[in-house]
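Open the model in your viewer and keep the sequence panel at hand. We will go from stop to stop, selecting a few residues each time.

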Amino acid sequence: MTANENSVRKKIRISIIDVIIVITVLACIAGGVLHYRVYENNNKVITDDVFYVSMRFSSIENSSGQKIETGDSLYLNDGKVLLGTVNEVTEEDASFYYNDEVTGELKKGKDPGAKDISVVVEIKGELTKENGFLANGVKYVAAGMILDVYSDMFSAKGLIFDLEAKTE
Amino acid sequence: MKKTAKPKGKYSFNIIDVLLLLVIVLSVAAIVFLFFYEGGDAKIEESDNTYEIVYTVKQEQLPGILRGKINMGDAMFTLQGQKMLGRVIDFSYTNSEVKYFNPTDKVMSSSSVEDKIDLTVKVNTKATKVAENIFEVNGQLISVGQTFEVGFPYYTGTVVCTAVSVMGGVNE
């Protein structure tokens, strides 16, 4: 063995400390991956998928000329961004509450001059166990929320009342 | 004149070892952070002033179609900033009772209303005591009468606090 070869061998000699360090680094990386798979991935139930979000628009007057149909694009008034596409529309005479003349009791009635319109909107987003549904990955949307939306022939505030993942 | 090399120990450190040690320390810190930071839960600092509380929030006269959106164990968080306020340990939906004036008998009466429901949720968390019967969780005051906008994974609304119980005592 020449003196030069000896010198090269000395330079690349791996000490016990190097081995311990490399093993520790690998263990840390493995721990990080494990944490991601167990916690982050478990928390994120569905990513980048289509959801059906149900909304109800109450007491839309028949005379208002408002119209919403399947296939319409629905936009959020806040930010003027696309919320999703209307997948289903159902209408019924608007419900309202009134006090009975004799007993004063609160009763439910129907108004044929106005409509309660329920729509199902297809929205892309992600669902997590802890924080729920994020429409388009950014906007938190949950039942009970009132969203101010519009399409080309419609503009109203609607109550979110249901959310489900699209199943093929 | 020749330079004489200093005698080295068996396990001498070089610059690579130092850098790798630094990487280890940072990696361990990162892993510890990832494992122990789970949103707002970990943010509630414990001190002598920290109590485990159960508080009740209510929302009245909701449309009936909003029934069944809350689950046991759900996180409840502030709508602004999504700061953790605790976890659901109990909930119920009941038919709303509304007061009305009976013009015939000229008395106030009450009855349940079709398609209207009341939501009651019990939440468990650790909280800092601010004053007698007043607690704070992640910047949100919790006391009877406080109204706040909250979110759950599948539901959101404006609720009012109707009771606060400290483990071992009740503030109602």
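Predicted model: local features only at pLDDT ≥ 70, side-chain atom pairs only at ≥ 80, totals over all residues.

**Stop 1: chain A as a whole.** Select chain A and colour it by secondary structure. Of the 168 residues in chain A, 20% are buried. Now turn to its contacts: among those between residues at least 6 apart in sequence, 61% join residues at least 24 apart.

**Stop 2: Ser58(A).** Next, pick Ser58(A), which sits in strand 1 (residues 44–61) of chain A. Leaving out residues up to four places away in sequence, Ser58(A) touches Ala94(A) and Asp116(A).

Stop 3: In soluble globular proteins, nonpolar side chains tend to be buried together. Centre the view on Val53(A), whose contacts, not counting residues up to four places away in sequence, include Val121(A), Ile160(A) and Leu163(A). Gly84(A), Ile123(A) and Val141(A) are also touched by Val53(A).

**Stop 4: where the chains meet.** Bring both chains into view. Here 37 residues of chain B are in contact with 31 residues of chain A. On the chain B side, helix 1 (15–36), strand 3 (84–102), strand 4 (107–131) and strand 8 (156–166) each supply at least two residues. Which element gives the most? Select helix 1 of chain B, which contributes 11 residues. Colour the chain B side by residue type and you will have 23 nonpolar, 10 polar and four charged residues.

**Stop 5: strand 5 of chain B.** Zoom in on residues 134–137 of chain B, which form strand 5. Its covered face carries Phe135(B) and Val137(B), while Ile134(B) and Glu136(B) are on the uncovered one. In a regular strand the side chains alternate between the two faces of the sheet.

Now look to either partner of this strand. Strand 4 of chain B runs antiparallel to strand 5 of chain B and is joined to it by three bridges; Phe135(B) is the bridge partner of Lys129(B). Two residues lie between these strands in their hairpin, where Asn133(B) has a positive phi near 70°. Strand 6 (residues 140–142) of chain B is also antiparallel to strand 5 of chain B, again with three bridges, and Gln140(B) stands opposite Val137(B). That hairpin likewise has two residues between its strands, with Asn138(B) in the turn at a positive phi of about 50°.

**Stop 6: two loops of chain B.** Finish with Gln82(B), in the loop between strand 2 (75–78) and strand 3 of chain B. Although not a glycine, Gln82(B) has a positive phi of about 45°. Gln82(B) is partly exposed, because 17 other C-beta atoms lie within 10 Å. Then jump to Lys106(B), in the loop between strand 3 and strand 4 of chain B. Lys106(B) is not a glycine either, and its phi is positive, about 55°. With 8 other C-beta atoms within 10 Å, Lys106(B) is exposed.

Key: Residues numbered from 1 in each chain as written. Chains lettered and ligands numbered in written order. Contact = placed C-beta atoms within 7 Å. Helix = DSSP H or I, 4+ residues; strand = E, 2+ residues; numbered from the N terminus. Nonpolar A, V, L, I, M, F, W, Y, C, P; charged D, E, K, R; others polar. Buried ≥ 20, exposed ≤ 12 C-beta atoms within 10 Å, placed from the backbone. Pairing = 2+ DSSP bridges.
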